[in-house]
Amino acid sequence: MAKKKNPDLVSTGKPKSGGAVFAAPAGTTVPTDALTELPEAFKCLGCISEDGVVNTQSSESEDFADWEGDTVDTSRTKYTETLQMTFLEAANPDVLAYVYGESHVEVNESTGAIHVEHTGDDRDECVLVVDTILKGKRIDRLVVPRAVVGEIGDVSRKRNELMGYQATIKALAGSDGVPVHEYIGKTADAPAAPGVTE
């Protein structure tokens, strides 16, 4: 018997309380589930704009035709995946280091003063994690083993608008050829949705 639709599995995506986007240096052991606490190597990248995180998956393919001109086969030739978000903590050294590169941000520990170099240098790879809260106390976790900041959007300095750093983050293929891993789990006190097996 075919399964029926299940509205209990429909959900909006809310950020994990206290911070939902985390970054760690390249080579850090990546999480392999949705619920395990992240180790100290992961730094929280602070407040994200109300637009949240946009995960774009794009592919290109090539069609093959026979002698009569009919398409008889197709082959995927390219696959890319990005995450786009706007970081709102404009004076957070960890955010600035992520956007501009660790070597281009200097913090005076005694005064708290920050010096940022705006350059076109390639950004460092890192491990990126995005935690999203779903309905039914479920957690959706995106894990990007090799994340690199690609494009940076315009930064507006206006009295009636929050400053923010819009970043398009590229997910590179990991050692297993997979650019992004997604894990969904539920907390122990959350009842299983009808039709979902443990």
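Buried means under 20% relative accessible area, exposed means over 50%, and partly exposed lies in between (1.4 Å probe, protein chains only). The model is predicted, so local features need pLDDT of at least 70, side-chain atom pairs count only at pLDDT 80 or more, and totals for chains, interfaces and linings use all residues. Residues are numbered from 1 along each chain as its sequence is written, and side-chain values use heavy atoms, with hydrogens and water left out.

Start with the rings. Rings of Phe, Tyr and Trp (its six-membered ring) pair if their centres lie within 6.5 Å; planes under 30 degrees apart count as stacked, over 60 as edge-to-face, and the rest as tilted. This rule gives two aromatic pairs. In one, F87 and Y98 have ring centres 5.9 Å apart and planes at 80°, so the pair is edge-to-face. F87 sits in strand β5 (residues 71-87) and Y98 in helix α1 (residues 93-100), so the contact ties together parts 11 residues apart in sequence. Helices (H or I, at least four residues) and strands (E, at least two) are DSSP runs, numbered from the N terminus. F87 is buried at 1% relative accessibility. Y98 is buried too, at 9%.

Now the other pair. The ring centres of Y100 and Y165 are 5.9 Å apart and the planes lie at 85°, so this pair is edge-to-face. Y100 belongs to helix α1 and Y165 to strand β10 (residues 165-171), so the pair links parts 65 residues apart in sequence. Y100 is buried at 8%. Y165 is buried at 5%.

Finally, the backbone. K137 lies in the loop between β8 (126-134) and β9 (138-152). Its phi is near 55°, a positive value in a residue other than glycine. At 48% relative accessibility, K137 is partly exposed.
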